[in-house]
Amino acid sequence: MTQYFDPLETRSPEARAEALARALPEQIARAQALPGYGGSLDGVAASQITEIADLARLPVLRKSDLGRAQGAAAPFGGLTSLPAAGFAHIFQSPGPIYEPGGVGHDWWRMGRFLHACGVGRGDIVQNCFGYHLTPAGMIFENGARAVGAAVLPAGTGQTELQARAAHDVGVTAYAGTPDYLKVILDKADEMGLPLRITKAAVGGGALFPSLRAEYAARGIACLQCYATADLGNIAYESAAMEGMIVDEGVIVEIVTPGTGNPVAPGDVGEVVVTTLNPDYPLIRFATGDLSAVMEGESPCGRTNLRIKGWMGRADQTTKIKGMFVRPEQVAALVARHDSIARARVIASREGEADVMTVRIETAGGEAEHFAGSVIETLKLKGRIEIVPPGSLPNDGKVIEDLRSYE
């Protein structure tokens, strides 16, 4: 097996920028032609959106927007370039939200990740992602086809049958959630069935270091990816296991939660993705996940941007004193004053009462100076604490709930 899936992975920054300058305006123009965007991209000169920084001028598309659009125009809300019958599959996720799927070469871009896992011709992949309504099973099956591997479409459950099939078929690779592989391995041990699995491509849950170490002790190299039902593969680990490398078919931005404003390099924020898939051109789609950009390139030789992987959820909406406080309200508070670098709302309890504390990073100014803005933007009175620039944690949180619910 060659080291890289294709030459795109090792492009120079200049070559990648040149390709993006061609592809991005075309994708923006496709989106502008779709009724589902409802004029939100009107007035945008697609030819002027040629690099990642230019995307900050465009609105963010959220899951709730998909739901509203699909409610008005089922099943895909006028956001696809093909009619529903033009796709190979139609999936349903909780909401419900409907997602299209294709079977063209690596439509979901999962082949790149499986290749990085060492999966290819001669491998048999036991695919333990679900096939019923949701797309994960087909996403990984499509990736396996892209690298020439055979697939045992196992889905989840029936652990004894899973272990028996893995043994009888001679499965060499696993695809599924991180913890379910251990269930199969333990059941095979209990049944006295030796297995040949040496590779694992996982996603959809946390891969804890202790679990990865246990797999390694069994001779199984386990790598993880970051993917969603709407976007397919976003980023993936290589054997270097230093962060996640952004896939070549998407553009990733990290923004302040509740806004579309890019954070400073290295800061934690919400993952916003623009896909270059012409069939489903999602522009600045907010995943609701937190991550951060890593400096430099991966030691494996792949040159695209790296992120730190999943670092929590960006939707920090919290009810305080019976009122919801949302990240976009905190962003509005910061935007009101040039002197505010960052702000953080902290919910706590004193006795049986909620307390809201607003910590404001600023080089100058008294708490009273910001009191009116706090009430107007957050719709609540609260304590205001002035803290020096750089003192708030770099964890992507703008709302922190310290109350115990036990």
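Two strands are taken as paired if DSSP finds at least two bridges between them; strands (E, at least two residues) and helices (H or I, at least four) are DSSP runs numbered from the N terminus.

The model is predicted, with local features requiring pLDDT of at least 70 and side-chain atom pairs pLDDT 80 or more, whereas totals for chains, interfaces and linings use all residues. Residues are numbered from 1 along each chain as its sequence is written, and side-chain values use heavy atoms, without hydrogens and water.

**View 1. The antiparallel pairing of strand 8 and strand 9.** Strand 8 (residues 232-236) meets strand 9 (residues 244-246) over 2 bridges. A235 has V246 in strand 9 as its bridge partner.

**View 2. Domain 1 (13-313) and domain 2 (318-401) of the chain.** These bounds come from an automatic or database domain assignment. The C-alpha centres of the two domains are 34 Å apart. Domain 1 contributes 8 residues to the contact and domain 2 contributes 6 residues (contact: heavy atoms within 4.5 Å).

**View 3. The area buried between domain 1 and domain 2.** Together they bury about 560 Å², 60% of it on carbon and sulfur atoms; buried area is the accessible area (1.4 Å probe) that two parts lose on being put together, summed over both. On the side of domain 1, P257, G258 and V268 lose the most area to domain 2, together 60% of what that side buries.
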